[in-house]
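I opened my notebook to keep track of what I looked up, one entry at a time. Come along and check each entry against the picture.

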Protein chains: 2
Amino acid sequence: MSKIGTVSTHPVVLNDDRNLYIIKIGGNVIDNSENLHAFIKDFTALPGFKILVHGGGKVATQLSETLGIEAKLVDGRRITDIETLRVVTMVYGGLINKNIVAQLQRFGTNAIGLTGADGDFIRTKKRPIKDIDYGFVGDINEKSIDPKNISNLMEAGFTPVFCALTHDGEGQLLNTNADTIASALAVALAKLYNTTLIYCFEKKGVLKDINDEDSLIREINPHHYDELKSQKVIHSGMLPKMDNAFKAISCGVKAVIIGHSDDLGKLKHNKPFGTLLSKS
Amino acid sequence: MSKIGTVSTHPVVLNDDRNLYIIKIGGNVIDNSENLHAFIKDFTALPGFKILVHGGGKVATQLSETLGIEAKLVDGRRITDIETLRVVTMVYGGLINKNIVAQLQRFGTNAIGLTGADGDFIRTKKRPIKDIDYGFVGDINEKSIDPKNISNLMEAGFTPVFCALTHDGEGQLLNTNADTIASALAVALAKLYNTTLIYCFEKKGVLKDINDEDSLIREINPHHYDELKSQKVIHSGMLPKMDNAFKAISCGVKAVIIGHSDDLGKLKHNKPFGTLLSKS
């Protein structure tokens, strides 16, 4: 059962011994029960405050196919129509989120599974229709997250587990990219905690050669990042993730790590893990 | 955004000005958007601490049919096989729960949608196999709910919204009857709050004549209940609900009200609503 903590009503103070890890996992963890099992043990072993953010995985696509809902793409961008929103609300908010929570509880993390609607934690705006109508997609802005609100839940002894859903405050759930949710949470909570943002994905980190896991780049700062981009070492799919990461760092997040979930356990032993992005 | 409260670490003290309403809604509210809309406004207008518990509705049955999952009944009792558990996790824990939360947020209730796995709030035991294997069904016992744990969340400014799912603490989600969850929550929280349990259903309350909504019985005490049973005024479907209700009252719940969600608004004006079950 949960620890009972005290809820601070003091003004926001950055406290050096208050570390927060915000960890985002994707399909390679969610779709593989062995990976998920190992991840959950490593997540639970990490000290300090923690937030888990998860994306979708294959289940939503499979359910959509079974229900005969066609994936709608415009210019390669996925559209969230009302039927797709129903599916992701069921799969992200229900099936995936609640099974992760049950597993975390099994190993002793007092998890609470959330969308951005719960606790009004992440309020977004439906993306305006310009050239493309993306449907029920919510864009995060600087007012989307009140860090005190989430801190309030964590200080009461609970570990938030967010799925890729938000709301507009007018009763409408919206689909929001999980990477974006993770970085927005990190930026907001960096006002209250020493925040490290971790993206777990299917590679060991940022690689010089995408086909060689031994070509891991251990550290990247903004200057180095510019070089890697101009050398085209960083490929197109990594660019939005890296841009998000450096934006978060410029907004107060202590560090961003990009790595494989298998290596998360190294963190608690203070061993290097993945690619560390930092300010300098 | 949430109120910031203080979390009490004092021993359990029954405080007279701390009222809690635990309200259970069923299909007639969930399946009808007008009823749900009206209910949510009335729920939000109620003063004090509140917990919402919701059951299923037609959506789970419809989704099961679409997915080709046959409803399994043994001796008229529903069996929760693994496929059905997946469906109810998606529908109860995702679709219904998160849409109710988004609507509550719209009207100003700082709701958090939960299963019993979240926060380890309701831990149950998988029903033992005797004559019938009910599958993934969780039975509540007196150790299932730690009232301080839920109080902790409420005192931090959040309004819990529970669906009909629990967990066994070993990573397994389980299906648990929503009426039972509501009464178990009421009994547990009666140790900390002046607790009133409200069952909203499709009738105005307990009726002398099931076909005559004007035959509402305003109040029933245990003695009167025995009379009504022996006169067979209380019909079979109502018996488990009423037995649960009087059991809750004998365990410290102040009162139980059985009524129609349309009439919930009367409560805040201190007008009689539905059938009031009380100790004497």
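**Entry 1: an exposed loop residue**

I found B:Asn270 in the loop between strand E13 (255-260) and strand E14 (275-277) of chain B. Helices (H or I, at least four residues) and strands (E, at least two) are DSSP runs, numbered from the N terminus. The model is predicted, so local features need pLDDT of at least 70 and side-chain atom pairs count only at pLDDT 80 or more, while totals for chains, interfaces and linings use all residues. Residues are numbered from 1 along each chain as its sequence is written, and chains are lettered from A and ligands numbered from 1 in the order in which they are written.

B:Asn270 is not a glycine, yet its phi is positive, about 60°. Is B:Asn270 buried or exposed? It counts as exposed, with 7 C-beta neighbours inside 10 Å. I noted the cut-offs: 20 or more other C-beta atoms within 10 Å of a residue's own make it buried, 12 or fewer exposed, and anything in between partly exposed, with C-beta atoms placed from the backbone.

Phi of A:Lys232 is near 60°, a positive value in a residue other than glycine. A:Lys232 is exposed, with 8 other C-beta atoms within 10 Å.

How many of the nine residues of H7(B) (residues 222-230) are buried? The count is zero, and the helix is hardly covered.

**Entry 2: how the chains meet**

I superposed chain B on chain A with a rotation of 180° and 0.0 Å of shift along the axis, at RMSD 0.0 Å. That is the relation of a two-fold axis.

Next came contacts (C-beta atoms, placed from the backbone, within 7 Å): 47 residues of chain B are in contact with 47 residues of chain A. Which element of chain B gives the most to the side that touches chain A? H4(B) does, with 14 residues. 100% of the interface residues of chain B are also interface residues in chain A, so the copies meet through the same surface.

Methods. Least-squares fit on C-alpha atoms with pLDDT ≥ 70 in both. Contact = placed C-beta atoms within 7 Å.
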